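Dear colleague,

I am passing on to you the structure below, together with its sequence. Please look through it first, and then read the notes that come after it.

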Amino acid sequence: MSIFNDWTKQFSELFQRFPQNIHDITANPISIITLIGCILLLIVLVKVKKIKFTPQLISRIGIALALATILKMLRLYHFPQGGSITLGSMIPILLIAFMYGPQVGYLTGFLYGIITLIMDPYILHPVQVLFDYPLPFMALGLAGIFKDKRLLGTALAVFARFICHFISGVAFFGSFAPEGVSPMIYSLLVNGPMVGIEGIICIIILATLPVDRIIYVSSDNTVSVNS
């Protein structure tokens with residue numbers, strides 16, 4: 001029962017902290033400028049890849065983001081410097097990538113990264129914001145390249161997410177390392193379990209979910225990216 005009480009407390013605290021979270025973000029204008037730059041890059045990426053936004057695609061991206069956000073709030077452990085282990089919050093983004101391919105996966109991951117930033121901001125530097133929020137979740141779109149080898153695709157996508165967090169940890173969180181511990185080891189010890197455990201949870205869930213059935217049921221109008 002304690003974990004359910006903790007989840008209820010997290011939902012309550014999220015709404016209470018929302019104004020302060022927005023203030024923390026706006027207090028770092030360089031971070032906002034950096035994110036705007038990323039949005040512009042994403043717009044270019046979308047145009048280059050010619051993603052066709054149908055009402056169905058938009059609604060499914062919205063549903064995936066909503067599910068991922070809810071699953072993120074049902075976290076099992078939260079790290080002091082940001083980041084948490086959740087009940088498979090990456091699953092909806094991975095499913096979108098498997099359904100529609102990597103481009104739509106990148107887009108969904110980017111949007112989820114922005115949502116994560118709003119929900120749980122921890123800002124030290126604009127580049128750190130990129131490597132801890134938009135980029136690692138955009139990396140989950142890589143799973144869409146491996147539609148026929150989904151567990152392999154999931155493992156590689158999760159590893160790509162880990163690389164982003166690892167770089168951020170080495171570059172910006174090294175000062176938190178205990179005396180005598182190198183920033184690389186510290187980043188590995190913090191980000192390895194965080195991303196690794198959640199990655200294992202996602203692989204187990206995907207191995208038990210009827211993914212083929214889900215994609216088949218959704219396959220009538222799944223084609224949304226012009227070749």
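The notes below go from the whole chain to its annotated spans, its nonpolar cores and one histidine.

Please keep in mind that this is a predicted model. The chain has 227 residues, of which 46% count as buried. It contains 10 helices and 2 strands, and their order along the sequence is α-α-α-β-β-α-α-α-α-α-α-α. Among contacts with a separation of 6 or more, 74% join residues 24 or more positions apart. The chain exposes about 11,600 Å², and carbon and sulfur atoms supply 71% of that area.

An unreviewed UniProt entry carries the annotation "transmembrane region" for residues 25–45, 57–77, 83–100, 107–124, 158–178 and 184–209. Two of these spans may be described further. Residues 57–77 are 81% helix and 14% strand, with 32 Å between the end C-alpha atoms. For residues 83–100, the figures are 56% helix and 17% strand, and the end C-alpha atoms lie 27 Å apart.

The largest nonpolar core comprises 40 residues, and the members that touch the most others are Leu94, Val104, Leu140 and Leu206. At least two residues of this core come from each of helices H2 (29–49), H3 (55–73), H4 (91–100), H5, H7 (134–138), H8 (150–172), H9 (183–208) and H10 (211–217). Helix H4 provides the largest share, with 8 residues. Leaving aside residues up to four places away in sequence, Leu94 touches Leu140, Ala143, Thr154, Ala157, Cys202 and Leu206. There is also a second, separate core of 6 residues, which includes Ile25, Leu35, Val129 and Tyr133.

Finally, I would draw your attention to His125. This residue is found in the loop between helix H5 (102–119) and helix H6 (126–132). Is His125 buried, partly exposed or exposed? Its relative accessibility is 34%, so His125 counts as partly exposed, given that buried means under 20% and exposed means over 50%. A polar atom of the His125 side chain lies 3.0 Å from the backbone nitrogen of Val127. Further along the sequence, Ser168 is 43 residues away from His125, and the C-alpha atoms of the two are separated by 9.8 Å.

With kind regards

Technical notes:
Residues are numbered from 1 along each chain as its sequence is written. This is a predicted model: local features need pLDDT of at least 70, side-chain atom pairs count only at pLDDT 80 or more; totals for chains, interfaces and linings use all residues. Side-chain values use heavy atoms; hydrogens and water are left out. UniProt positions are given in the numbering used here, feature names are shortened, and annotations may be inferred rather than shown by experiment. Helices (H or I, at least four residues) and strands (E, at least two) are DSSP runs, numbered from the N terminus. Buried means under 20% relative accessible area, exposed over 50%, partly exposed in between (1.4 Å probe, protein chains only). A polar contact is a pair of N or O atoms within 3.5 Å; within protein, one must be able to donate a hydrogen and the other to accept it, and residues adjacent in sequence count only if both atoms are side-chain atoms. Contact means heavy atoms within 4.5 Å. Accessible areas come from the Shrake-Rupley method with a 1.4 Å probe; for residues, only the protein chains shown count as cover. A nonpolar core is a set of buried Ala, Val, Leu, Ile, Met, Phe, Trp, Tyr and Cys residues joined through side-chain atoms within 4.5 Å.
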